[in-house]
Structure formats: structure tokens, C-alpha cells
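Have the viewer open as you read.

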Amino acid sequence: MAVNYTKKVMEHLANPRNVGEIPGADGVGTVGNPVCGDVMSIYIKVGGGRITDIKFKTYGCGAAIATSSIITELAKGKTIEEAVKISVNDVAGELGGLPPVKMHCSNLAADALHAAIKDYQERRK
Amino acid sequence: MGRIYLDHAATTPVDPRVLEAMQPFFSEKFGNASSLHSEGTEAAEALEKSRETVAGALGAKPDEVVFTSGGSESDNLAIKGFAYANRKKGNRIVTSAIEHPAVLNTCRYLEKNGFRVTYVPVGRNGIVDLNALEKAVTEETILVSIMHANNEIGTIQPLGKISEIAKRRGVALHTDAVQTFGKIETDADKLGADLLSLSGHKIYGPKGVGALFVRKGTVLEPLIHGGEHEKGLRAGTENVAGIAGLAEATRICAKEMNGEAARETRLRDRLLKGILETPGSWLNGHRTKRLPNNANFSFRHVEGESLVLYLDMKGIAASTGSACSSLKLEPSHVLRAIGLTPEEAHGSLRLTLGRATTAKDIETVLEIIPGEVEKLRKISPMAGMSALEKKRLEKQPHGHGRHGKACD
Ligand SMILES: Cc1ncc(COP(=O)(O)O)c(C=O)c1O
Ligand code: FES
């Protein structure tokens with residue numbers, strides 16, 4: 001099935017930002033399911049209540065890669081409180097929209113970020 | 001750099017000779033083949049000449065060819081048409097697990113309407129399990145429908161043996177030959193087919209036109225009722241331009257088939273050899289019993305859609321059996337049927353060659369693909385993932401679950 005992605009999606013897909021892992025990360029979130037063909041890991045480094053560094057690794061469709069890339073840009077430099085509020089719609093909006101069948105890919109990206117933050121918070125307890 | 005189109009199993013460009021053959025039938029020779037006047041006669045003559053050409057390529061008689069709107073309609077007419085006309089003889093249909101949706105969904109529809117369908121499995125190489133087929137064909141079976149070659153993995157089925165099994169029980173055989181017609185021999189007698197579907201746009205002809213071979217004595221119920229076109233089997237003023245195009249495409253294929261099949265096989269084999277040097281890659285489908293132009297690979301830890309998009313950005317048009325969207329979560333039913341895990345099936349890439357494909361194209365593609373696979377592997381978390389973590393994720397509901405659908 002042909003999917004029409006925006007220029008911004010294609011641009012992030014072609015040049016994904018912040019790819020990789022952070023050794024000794026303060027929080028890691030991995031979501032998705034290999035059976036469905038998509039898995040996303042987000043690594044965060046936190047300093048002074050802010051996300052100072054963030055990286056991702058994604059196995060999935062074009063939208064999954066683009067949404068992970070954009071969410072790392074959205075979250076970088078944000079306070080934990082601000083980052084928790086980053087939603088599916090922020091991700092899709094930033095990419096200039098996603099085809100309806102691909103909206104859940106932004107879900108996945110937001111879920112991965114939130115899972116990484118939760119991991120960070122739990123480790124601090 | 002020009003684009004390299006390697007998706008000929010999806011569709012092909014119309015050959016300029018075909019376009020030329022169609023041209024007169026739009027404005028100049030526009031008659032309705034049912035009309036009595038000279039304009040009508042001219043259209044009727046073109047129609048019958050086209051029928052002879054298509055019949056010739058099937059080793060059939062012209063009155064055994066029914067023109068349709070394409071492969072999907074031919075499959076529907078063959079299966080539903082046969083089932084409804086022969087209901088009194090039984091209600092069982094036997095098909096395979098790897099058919100095109102035009103066959104599979106037609107069978108599923110019939111299941112909702114009182115028919116019982118058996119989906120025979122295939123082996124790892126994509127060949128229909130003949131023992132299972134033999135067992136599946138029972139007293140109540142009226143029709144066996146097995147495709148000649150698969151559109152995804154290119155595997156060519158042993159139709160001779162399959163038709164023997166069907167004949168022994170006096171059961172009719174339909175074959176979807178959409179991917180083989182014009183590419184390899186499709187003589188209806190040699191295949192033992194009573195019904196055979198073909199389509200124009202896979203053989204450098206126009207889209208929206210196809211044909212169904214109906215062996216003399218095979219009774220069908222029409223699906224489209226109306227005038228007495230196509231011997232009452234398919235009402236509607238004939239698409240004379242399209243049909244003339246289909247005939248010209250057929251004529252060219254028949255003339256060039258042997259040389260072209262050998263040429264594409266050589267290029268395809270070079271492609272296989274080159275791609276399979278990539279670590280964590282393998283070929284899907286039978287190594288030799290496959291369409292001359294088909295290659296289908298899987299790459300571990302890489303998802304098909306993103307690979308297709310990466311290749312597209314590099315000027316290569318390819319296709320994948322991975323369908324990750326909230327509409328269709330399952331990866332290709334064909335790749336699942338040959339025993340791939342969902343994850344393996346998600347990493348598939350289909351490359352299908354055509355007349356325009358050159359040796360240089362193949363070398364270019366071989367230079368590009370390993371690099372794009374490597375790029376995606378660098379982004380992928382799967383390579384470094386522990387078995388334990390993978391197990392945990394596999395138990396997780398997926399983002400798609402929010403749409404109320406679950407994965408298998
Ligand atoms: C094996 C097979 N059967 C049927 C079809 C449907 O043909 P059409 O697109 O002409 O309806 C296709 C191609 O789309 C095919 O590959
Ligand atoms: S993550 Fe499933 S379609 Fe994108």
C-alpha cells in the first residue's frame with residue numbers, strides 16, 4: 001500500500017537525528033512488539049531536572065523511524081515535567097501530519113519517551 | 001541518475017507497440033462491437049482477432065476465452081461463477097494458503113455463503129504440499145484453485161501433478177496465471193487447467209483488462225448480468241481498445257518469451273548471488289522453480305517498509321511483504337505460510353525484473369542495497385537485543401492495540 005508521507009517525515013527518515021544508545025543512560029524505555037514489526041528504544045541522560053541528552057533506536061516502518069527522530073528533538077533540553085507532556089499530537093503535528101493508518105507510530109514514540117522517563121524516575125526512588 | 005524500476009510483479013509500463021495497437025480504437029474505430037453497421041463490425045472483428053491471439057497463447061480455442069476487467073475479475077468469475085453453477089455437485093473448494101487476495105478473499109466470501117474451503121499448506125520452498133492436497137480433495141469437492149506462480153515469492157507450482165490429483169476425482173481446476181502468462185509457457189492443456197486467469201498490466205499491456213480461459217463444457221454462472229456480451233458470461237460493452245492492447249501484449253510476449261526469460265533469469269541469478277553475500281539475508285521461495293524475474297529476500301533486524309523507502313530515495317522501486325499499518329498488522333500471509341516468523345516476514349524485500357532491466361541496473365542495485373540495509377541495522381535495536389527482552393516485548397500489547405486490534 002502506498003503511503004503519502006510529508007516532506008518533513010521523509011527528511012527525518014533520510015537523516016534521522018540522535019540515533020544510537022547512551023551508555024550509562026539515566027533512563028531507558030523500550031516499547032513495541034517485534035511480532036508487529038516495530039520496536040523503539042529511547043535513552044535519556046538527565047541533569048538538573050532536564051533531558052541533557054537523548055538517543056533512539058528503532059526497528060519499524062518509515063513513520064516509526066521519523067517519529068522517533070522528531071521526538072528526540074522535541075524532548076532534548078526540556079525539563080522532565082515538560083517532556084512528560086509531549087503527546088502523540090505534538091509528534092504528528094511537528095511532522096506536518098501523518099497518514100491516518102500511521103498515527104499509532106507517534107503513539108509508539110510518545111510511549112517510548114514516557115517509558116524512558118518512568119524508568120528514570122523509578123531508578124531515583 | 002535515472003530510476004531503476006524493480007517492481008514488475010506489481011505492474012509494468014505499456015509497451016509502445018501495445019499503445020500503438022490500442023490507439024485506433026478510441027476515436028477512429030470507436031464502434032460498439034454489438035452494432036450491426038460497419039463501425040460495429042470493425043470493432044467486432046478487432047475483438048475476435050484479439051480473442052484468437054489470446055487463445056493461441058493458451059493453446060485454446062477462441063470461444064474458450066472470456067474478456068474481463070483484469071485478474072481480480074477473472075479469479076472472481078472463475079471461482080464464484082463455478083461454485084454457483086455447480087452447487088448441486090458439492091460445496092467444497094480446495095485452494096492454497098498462498099493465493100493472491102483475489103482468490104483468497106473470494107473463497108472467504110464463499111465460506112460465508114455455504115461453501116467449505118480448505119487452504120492447503122505449502123512447504124518452506126513455497127510448493128503446495130501434494131499429500132495434503134490429495135487428502136483435501138474429497139467427494140464433495142467441486143473445484144481446486146491453485147495459482148500457477150506466486151506473486152510474492154515467484155514459486156511455480158507443479159500444476160501437472162496438481163491437475164492429475166484433481167482429475168482423478170473428477171474435480172475442475174482453476175489456476176491464477178496472472179504472474180506466469182506471457183512469461184513462461186501457459187498451455188491450458190499441458191497445465192491441465194479448466195479455468196485460467198490472466199491480466200493485461202503484468203505483461204506490458206493496459207490496466208483494467210484481462211481474460212479468463214473457460215474450457216469447453218465448464219459451466220459458469222455470470223457475475224455481471226446485462227447484455228449477451230461474452231456469450232452471456234460477462235455483460236458490458238467490450239473494452240475494445242484495452243482488449244486489442246492485451247492481444248498485442250500477448251503477441252509480443254509469445255514472440256520474445258524464450259529469449260527474455262533466459263535474459264531475466266541470468267540477471268536475477270546475478271542479483272541473488274550478490275545480495276546473498278549480505279550477512280543475515282536469505283532467499284524466500286524455491287531457488288529454481290521460480291519466475292525468471294522474481295527475487296524475494298529477507299534481511300534480519302530490518303523492517304521492509306523502511307527499506308523500501310530508503311531504496312526509493314536512492315532511485316530504486318521495490319516492494320515488501322511487510323504491511324505494518326493499523327489496517328493490516330499481519331506481515332505477508334505468503335511469507336508466514338512458508339514458515340517465516342512474523343519478525344522475519346517483516347524484513348522482506350521483493351525485486352522483480354522486467355524488459356527494461358539491464359545488467360548495469362543490477363550492478364547499481366547491488367552497490368546500493370547492502371549499504372541501505374546496514375544503515376537500517378544501525379538504527380535498529382533488534383540486533384543487540386537479548387532474547388529475554390525480546391520475549392518481554394513479544395508479550396506486550398502493541399501500539400496498534402489502541403485501535404482495538406491485536407497482533408497474533
Ligand atoms: C497472482 C495475481 N492474481 C491476481 C492479480 C490481480 O490482477 P488485476 O490487478 O488485473 O486485477 C494479481 C495482480 O495484482 C496477481 O499478481
Ligand atoms: S509502527 Fe506500525 S505502522 Fe508504523
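Is B:Phe299 buried or exposed? B:Phe299 counts as buried, because its relative accessibility is 2% (buried is under 20% relative accessible area, exposed over 50%, partly exposed in between, with a 1.4 Å probe and protein chains only).

## Ground rules

This is a predicted model, where local features need pLDDT of at least 70, side-chain atom pairs count only at pLDDT 80 or more, and totals for chains, interfaces and linings use all residues. Residues are numbered from 1 along each chain as its sequence is written, chains are lettered from A and ligands numbered from 1 in the order in which they are written, and side-chain values use heavy atoms, leaving out hydrogens and water.

## Rings

Over all chains there are two aromatic pairs. One of them joins B:Phe297 and B:Phe299, tilted, with 6.3 Å centre to centre and 40 degrees between the planes. Rings of Phe, Tyr and Trp (its six-membered ring) pair if their centres lie within 6.5 Å; planes under 30 degrees apart are stacked, over 60 edge-to-face, the rest tilted. B:Phe297 is buried too, at 0% relative accessibility.

Charges also sit over rings (NZ of Lys or CZ of Arg within 6 Å of the ring centre and within 35 degrees of the ring normal). B:Lys80 lies over the face of B:Tyr109, 4.9 Å from the ring centre, and the charged end of B:Arg108 is over B:Tyr119, 6.0 Å from its centre.

## Helix H2(B)

H2 of chain B covers residues 38-58 (helices are DSSP runs of H or I, at least four residues, numbered from the N terminus). Its buried residues include B:Gly40, B:Ala43 and B:Leu47. After the helix comes B:Gly59, with a positive phi near 65 degrees.

How values were computed
Helix = DSSP H or I, 4+ residues; strand = E, 2+ residues; numbered from the N terminus. Expected span 1.5 Å × (residues − 1).
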